[in-house]
Amino acid sequence: MSKLYRERKIRIVDPSTTVQEAYRSKSESYLISAKILLENGRLEETVSMAYYSMYYMLLALLFRTGIQCENHTGAMILLERLYGIDNSRIAAAKRDRVDKQYYVDFEITAEDVTESIEEAEVFCAELLNSMERLHQGEITRLRREALRLLEGQGE
């Protein structure tokens, strides 16, 4: 984590509801796109859209707290270490996306893709709920804890 911080891939910034809402909107758009792709038999692309829906909602949560992260894995680590939210759903979705996007020796079914969309919906709802419950005192505490983690004091 501290390496990503030194490389400025993760930064403490001013919390931004504007950026938060932009990522939240992007997340919702990608989830809608995933469903449209599924309806049209574009299974491989659906997996990517479902993952990015999750990732953009995670970025929205981070910006709600004032954390800018340009690294997928770093964002997932922060989700678990900082917010105490299990990152296994998004980590699995990322693996699926990488497999489907970069490799050709796989099988994919509509059932698999439907499950990916359902996982994305649950994950996004959980993060949205967490965002809505954040208050200023909690944001301040999370920012202090993030700085401690990023400077290597929490590793």
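This is a predicted model: local features need pLDDT of at least 70, side-chain atom pairs count only at pLDDT 80 or more; totals for chains, interfaces and linings use all residues.
The crossing in which α2 passes α3 is left-handed. Sorted by class, the residues in the contact of α2 with α3 comprise 16 nonpolar, five polar and four charged.

Helix α3 also packs against α4. The axes of this pair, α3 and α4, cross at roughly 55° and come within 10 Å. As with the pair formed by α2 and α3, the crossing of α3 and α4 is left-handed. On the side of α3, the contact is made by Tyr 51, Tyr 52, Tyr 55, Leu 58, Leu 61, Leu 62 and Thr 65. On the side of α4, the residues are His 72, Ala 75, Met 76, Leu 78, Leu 79 and Tyr 83. Eleven residues of the contact of α3 with α4 are nonpolar and two are polar, with no charged residue.

A further packing involves α4 and α7. The axes of α4 and α7 lie 10 Å apart, and the angle between them is about 120°. The helices α4 and α7 are therefore oblique to each other. Their crossing, that of α4 and α7, is right-handed. The contact is made by Arg 81, Leu 82 and Tyr 83 of α4, together with Leu 142, Glu 145, Ala 146 and Leu 149 of α7. By class, the contact of α4 with α7 contains five nonpolar and two charged residues, and no polar residue.

In soluble globular proteins, nonpolar side chains tend to be buried together. The largest nonpolar core of the model has 45 residues. At least two residues of this core come from each of α2 (17-39), α3 (43-65), β2 (67-69), α4 (72-83), α5 (88-102), α6 (110-133) and α7 (136-150). The most is given by α3, which supplies 14 residues. Within the core, Leu 62 and Ile 90 touch the most other members. Apart from neighbours within four places in sequence, Leu 62 is in contact with Ile 67, Cys 69, Ala 75, Leu 78 and Tyr 83. Leu 62 is also one of the α3 residues that make the contact with α4.

Two further residues were examined individually. Leu 38 is placed in helix α2. When residues up to four places away in sequence are not counted, Leu 38 touches Leu 43, Thr 46, Ala 110, Val 113, Thr 114 and Ile 117. The C-alpha atom of Leu 38 is separated by 28 Å from that of Ile 85, and these two residues are 47 residues apart along the chain.

Ser 116 lies in helix α6. The relative accessible area of Ser 116 is 17%. Buried means under 20% relative accessible area, so Ser 116 is buried. Not counting residues up to four places away in sequence, Ser 116 touches Ala 50 and Asp 96.

Terms used:
Residues are numbered from 1 along each chain as its sequence is written. Side-chain values use heavy atoms; hydrogens and water are left out. A nonpolar core is a set of buried Ala, Val, Leu, Ile, Met, Phe, Trp, Tyr and Cys residues joined through side-chain atoms within 4.5 Å. Buried means under 20% relative accessible area, exposed over 50%, partly exposed in between (1.4 Å probe, protein chains only). Helices (H or I, at least four residues) and strands (E, at least two) are DSSP runs, numbered from the N terminus. Contact means heavy atoms within 4.5 Å. Axes are lines fitted to C-alpha atoms, for helices over the stretch in contact, and angles run from 0 to 180 degrees between N-to-C directions. A crossing is left-handed if the near helix is turned anticlockwise from the far one by less than a right angle, and right-handed if clockwise. Ala, Val, Leu, Ile, Met, Phe, Trp, Tyr, Cys and Pro count as nonpolar, Asp, Glu, Lys and Arg as charged, and the others, Gly among them, as polar. Angles under 35 degrees count as roughly parallel, over 145 as roughly antiparallel, 65 to 115 as roughly perpendicular and the rest as oblique.
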